[in-house]
Amino acid sequence: MEMETVKLEQIVKKWFPDMLPFLNQRELNSTILLRDGLTILEPQDAMEIIQFSICEHQNPAFLH
């Protein structure tokens, strides 16, 4: 399978649509490169990607 580039929003909508209101637009627009594509991504892997993306977009001014 080929690599596939998707937006985080696609991952959230597929596995955890109830999380959409809790993510900001910048997070949802994050580009994610999936090694084996979206079709075989497992829910636990999707959650890990979502968590990592949230951490990456946090404002460093709020971190102590």
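**Lys-13 and its salt bridge in a predicted model.** At 48% relative accessibility, Lys-13 counts as partly exposed, a class lying between buried (under 20% relative accessible area) and exposed (over 50%), for a 1.4 Å probe and protein chains only. Lys-13 forms a salt bridge with Glu-9, their closest N and O atoms being 3.5 Å apart; the term requires a side-chain nitrogen of Lys or Arg within 4 Å of a carboxyl oxygen of Asp or Glu. Both residues lie in helix α1, four residues apart, about one turn of the helix. Helices (H or I, at least four residues) and strands (E, at least two) are DSSP runs, numbered from the N terminus. Glu-9, at 24% relative accessibility, is partly exposed.

**The salt bridge of Asp-36 and Arg-35.** These two side chains meet at 3.6 Å, N to O. Arg-35 is exposed, with a relative accessible area of 62%, whereas Asp-36 is partly exposed at 30%.

**The buried side of α1.** Leu-8, Ile-11, Val-12 and Trp-15 are buried in α1. They cover an arc of only 95° around the axis (taken from the directions from the helix axis to the C-beta atoms), which puts them on the same side of α1. The buried residues of α1 pack against β1 (4-7), α2 (25-28), β2 and α3, contact meaning heavy atoms within 4.5 Å.

**Notes.** Residues are numbered from 1 along each chain as its sequence is written, and side-chain values use heavy atoms, without hydrogens and water.

Conventions. This is a predicted model: local features need pLDDT of at least 70, side-chain atom pairs count only at pLDDT 80 or more; totals for chains, interfaces and linings use all residues.
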